[in-house]
Amino acid sequence: MVLRMARPTTRTGTRNVQFQRRIPADIKKTLRDLPALYRPAGWGKDVITISTRTADTRKARTEFARISAEVEDRFTRLREGVRTLTQKETVALAGTVYRAWSDTLEDNPRSPELWDRVLAENVKARAGKFGRGSLLIGVEAQRKASMEERFGAMVDATLSRECLIVDEASRQRLIEEVALALDQAALKLRQNAKGDFRADETALRFPAWSGPKSTGEPTRKLGLVQLFDQWAKHPEQKEQAPKTVSRYRGVFEALETFLKGPEASKVTIEDLRRFTDALMVERKIAPRTVRDVYKAAISSVFNWAVGKAIVPGNPIAGIVIKVKKSLALRQSGLTDPEAFSLVSSCLDIPETKAKCLAAAQRWCPLICLYTGARIGEVTQLRKEDFRQNNKISFLRITPEAGSVKDREYRDVPIHPRLVSLGLLGFIHDASAGPLFFDPKASRRSATAKTSQAELVAKSVSEWSKQTCLKDPLLVRPMHGLRHRFMTLARNAGVDPQYIEVITGHASSTQNSRYGSFDIETLMREMQRLNAETVEGKKQNT
């Protein structure tokens with residue numbers, strides 16, 4: 001039987017005295033809910049067993065006391081939960097890595113060339129050119145991934161040894177400090193390899209590591225809305241659309257109210273099953289909405305928190321919400337009569353200046369009809385997004401203008417029919433900036449969740465329903481233009497890979513994800529679409 005309190009013992013195969021201590025129940029639960037890397041060496045499932053490395057009973061008593069104090073200190077750290085390291089603590093921890101290298105390898109430092117290679121690899125990591133990180137797109141993404149691959153495991157091992165659970169910002173600062181410490185250790189060992197063993201002054205810069213100072217109070221546990229706030233404020237979410245953040249907040253506020261304010265780390269799959277069932281049964285929310293809004297929001301935030309070691313797992317991952325396929329009572333795209341009617345309605349609007357709703361009603365459906373673009377991508381277009389290359393006019397759909405799916409720009413040729421209708425003249429006469437709304441005229445709050453481009457898109461859609469597209473089964477008329485473009489492009493013999501590039505649709509094959517298509521090629525394919533067919537057999541003038 002192993003006692004709850006620490007005691008000296010022996011084991012088969014060694015004369016050395018062993019420290020043995022049963023792991024308290026709360027610590028066992030904390031360790032069980034954390035990644036395996038947070039279990040230090042010698043910590044088994046139920047019992048900690050650490051050798052004093054001596055058979056001398058007097059020496060063993062001293063070492064036993066040291067190990068016991070260290071273990072109790074680590075218990076305290078684990079009970080504190082997620083914490084933020086101070087600058088001094090971060091440098092002190094990096095110092096433990098420095099000494100582990102410089103002291104351990106000092107006697108036999110091998111060759112100077114070895115440490116030159118180590119330094120070179122460290123430089124590559126800082127430049128974002130190390131390992132798989134170099135394959136990513138974007139300098140920041142490359143550097144972060146390279147530094148993680150080069151130094152991340154060493155940092156995690158250091159935190160594990162000290163039983164520290166730190167927030168992501170502290171971990172990233174520690175990665176930077178460990179990288180610097182390893183540079184300095186490599187320089188020192190290269191000096192040793194050349195026969196120079198003068199006093200190590202670099203080691204003096206590292207403060208002694210004695211563990212973080214406890215406040216004497218347990219770290220405040222995170223509630224569900226507090227967990228959401230950490231997610232929303234993290235730099236990784238800075239590109240999230242405001243309406244996504246707003247929608248997620250509503251989900252977490254509703255969840256916290258339903259569960260009566262539990263700690264985020266203690267939410268179970270049963271809690272979330274009760275919540276999702278209540279949404280569908282008591283509040284009569286459609287299963288599709290529960291799956292695509294509520295479950296999606298909870299899963300996204302919890303997956304992020306798992307990656308930051310804030311919570312032990314994603315409890316909603318195991319919940320399945322079955323959604324029946326919606327009844328299809330009509331085609332998604334516009335029919336020929338609908339397309340003809342819409343074009344007539346657009347052209348009935350007198351030519352007008354940019355930055356007004358009438359301009360959006362006239363031009364946005366026509367541009368969607370001849371490009372397959374999403375209505376939101378069109379209503380956010382700016383004058384500077386219309387360009388020319390080798391006498392071919394094209395528009396650039398870009399994230400710089402607003403929301404674009406997959407956050408990738410694409411260039412789309414302007415069909416000759418749009419040119420004949422006067423689109424280029426409209427663009428020429430417009431002032432710089434958005435074409436279909438005036439940002440300066442807005443009285444909306446700077447924190448508004450819906451962009452002006454989205455509001456214009458909604459207005460154009462409602463206008464089309466009121467004037468000509470009155471079939472109640474056509475719920476998204478402007479998206480019907482995208483369907484119509486794809487259908488007619490296929491019928492005209494345009495290769496699917498060109499349709500994907502023009503419309504910004506996800507690539508269907510691995511090969512189509514490589515290379516690019518010049519604007520001349522895309523214009524050649526675009527011209528396969530006959531204006532009479534696109535507009536519904538009868539061409540308007």
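This is a predicted model: local features need pLDDT of at least 70, side-chain atom pairs count only at pLDDT 80 or more; totals for chains, interfaces and linings use all residues.
Strands (E, at least two residues) and helices (H or I, at least four residues) are DSSP runs, numbered from the N terminus, and two strands pair if DSSP finds at least two bridges between them.

## Strands 6 and 7

Four bridges join strand 6 and strand 7 (residues 392–397) in the antiparallel sense. Phe386 stands opposite Leu395 in strand 7, and Asn389 stands opposite Ile392 in strand 7. The hairpin of these strands has two residues between them, and there Asn390 takes a positive phi near 55°.

## The surface patch

Leu327, Leu329 and Leu473 make a nonpolar surface patch of about 360 Å². Such patches join nonpolar side chains (Val, Leu, Ile, Met, Phe, Trp, Tyr) within 5 Å, from residues with over 30% relative accessible area and no salt bridge (a side-chain nitrogen of Lys or Arg within 4 Å of a carboxyl oxygen of Asp or Glu). Areas come from the Shrake-Rupley method with a 1.4 Å probe, and for residues only the protein chains shown count as cover.

Leu329 lies in the loop between helix 10 (287–307) and helix 11 (336–348).

## Basis of the values

Residues are numbered from 1 along each chain as its sequence is written, and side-chain values use heavy atoms, with hydrogens and water left out. Local features need pLDDT of at least 70 and side-chain atom pairs count only at pLDDT 80 or more, while totals for chains, interfaces and linings use all residues.

Conventions. Patches are made of residues with over 30% relative accessible area and no salt bridge: like charges are joined within 9 Å, nonpolar side chains (Val, Leu, Ile, Met, Phe, Trp, Tyr) within 5 Å.
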